[in-house]
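This report goes through a protein model for a reader who has not seen it before. Please look over the sequence and the structure first.

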Amino acid sequence: MNPVFIYRFIRFLSVIGSIILGGMAIFYLSKYTYPFIIAMIIAFLMNPLVTFLEKKAHLPRGLAVFVSLLLIFLVFAGLITLLVTEIISGTNYLAGVIPEHIETIVDYIETLISTKIIPLYNQTTAMFNTLDNEQQDTIIKNIQNIGESITTGVSSFIQTFLKNIPAIIGWFPTTVTALLFTLLGTFFISKDYDHFGRMTGNVLPNKVFSGAKRLFRDLKRALFGFIRAQFTLVSLSTVTILIGFLILGVKYSITIALICGLVDIIPYLGTGTIFIPWIIFEFISGNNSLGIGLSVLYIIVVVQRQLIEPKVLSSSIGLDPLATLIALFIGFKLIGFLGLIAGPVALVIFNTLQRAHVFKAIWSYIMGPDTKKTTPNKFP
């Protein structure tokens, strides 16, 4: 066997083994270091704010980090307070409206049972009585099997839920502890952010550090671009829904539009989690005009997002629209909602590695030095 191919095969196995071992090591270590990984991500995201306070407000780095964390906490606290206030207001409104809607639904169910289900039951009973004993026994056994399957499934679900209650309760102390370490890690990492960067540059070779720096810069642009794109898409959906609600004369238009804009982040379902049950109820209650209006508005929102999302993501992240759409779909099919973030990020990493000629360097390493002897040129 040609020794050149053996060496290439060994180099190929070494590259694959290094990738697998590196991935396994990262996965294993992440189980024990996830608070600090989250802290690194938070420190990375809020570093522009910390740098702004440090340079423009002339604050010490530690104080700038503390102020940034305090501002982020206040923003989240304000959003939660606003959300709770809106929930209380909406609950009071629903407390007066829901009884009427429930009565409407009950009347509809009663009418459905009396006009559809009871005649169907009578017809089925008459048909059942015309069957012979064996056929009747077969049908009864099948019905009993279905009932037993449903009972077993419900019982299994209840048992699993009850068994997991202690684990759910025990999850809270772990979460609080992880949150504390995350906050402390965020503070110290952000405080020495530039120092860690210089230390990494001193440890890594210049070529590796420059490539990693370029990859980090592209990832930063992609991450903030993705956040900006999602904010743009949610804002467009919210404004479109608000305009539609105002035209249709829906009460609490602003509150419901904000809620619809937030759930629009959910993949596939999105605003449908609110619109579809609402539309069905309006048709059941006989308010066909509002049901048709909501249906048209829902179609407009869905079509608008499907048409705009690839273009907005591609322009914000700097990727081809078709490649971005494929990355979004594959990421979601593989790991769910997080895949909508991981898909474009993986595509950015791939493009960055390709521009840095990393794949070319790996291929050159696998192929090894050129062992072919060059044939001398016969002509001057």
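## Salt bridges

A salt bridge is a side-chain nitrogen of Lys or Arg within 4 Å of a carboxyl oxygen of Asp or Glu. By this rule the side chains of Lys 191 and Asp 192 are paired, with 3.9 Å from N to O. The model in which this pair is found is a predicted one. Lys 191 is partly exposed, at 37% relative accessibility, and Asp 192 is partly exposed as well, with a relative accessible area of 28%.

How many salt bridges does the rule give? The count is two. Glu 54 and Arg 61 form a salt bridge in which the closest N and O atoms are 3.0 Å apart. Arg 61 is buried, with a relative accessible area of 12%, whereas Glu 54 counts as partly exposed at 27%. Buried means under 20% relative accessible area, so Arg 61, at 12%, falls in that class.

## Overall make-up

The secondary structure of the protein consists of eleven helices and zero strands. Read from the N terminus, the order of elements is α-α-α-α-α-α-α-α-α-α-α.

The protein has 380 residues, and 22% of them are buried. Its accessible surface is about 26,700 Å², and carbon and sulfur atoms account for 74% of that surface. Of the contacts between residues at least 6 apart in sequence, 62% link residues at least 24 apart.

Ser 190 belongs to helix 3, which covers residues 133-191. Is Ser 190 buried or exposed? Ser 190 counts as buried because its relative accessibility is 0%. With neighbours within four places in sequence left aside, Ser 190 is in contact with Ala 43, Met 46, Val 50, Arg 61 and Val 65. Arg 61, one of these partners, is the residue that forms the salt bridge with Glu 54.

Ser 68 is part of helix 2, residues 61-129. Its relative accessibility is 0%, so Ser 68 counts as buried. Which residues does Ser 68 touch, apart from those up to four places away in sequence? They are Met 46, Leu 49, Val 50 and Leu 53.

Helix 8 runs over residues 288-317 and contains Ser 316. Ser 316 is buried, with a relative accessible area of 11%. Once residues up to four places away in sequence are set aside, Ser 316 touches Arg 221, Gly 225, Arg 228 and Ala 229. Ser 316 and Gln 230 are 86 residues apart along the chain, and their C-alpha atoms are separated by 9.7 Å.

Arg 214 lies in helix 5, which spans residues 206-248. At 31% relative accessibility, Arg 214 counts as partly exposed.

## A patch of positive charge

Which residues gather in a patch of positive charge on the surface? The patch is made of Lys 213, Arg 214, Arg 217 and Arg 221.

Technical notes: Residues numbered from 1 in each chain as written. Predicted model: local features only at pLDDT ≥ 70, side-chain atom pairs only at ≥ 80, totals over all residues. Heavy atoms only, no water. Patch = residues over 30% accessible without salt bridge, like charges linked within 9 Å, V, L, I, M, F, W, Y side chains within 5 Å. Areas by Shrake-Rupley, 256 points an atom, 1.4 Å probe, with all protein chains shown as cover. Lys, Arg positive; Asp, Glu negative; His and termini not counted. Charge placed at Lys NZ, Arg CZ, Asp CG, Glu CD. Helix = DSSP H or I, 4+ residues; strand = E, 2+ residues; numbered from the N terminus. Buried < 20%, exposed > 50% of the residue type's maximum accessible area, 1.4 Å probe, protein only. Contact = heavy atoms within 4.5 Å.
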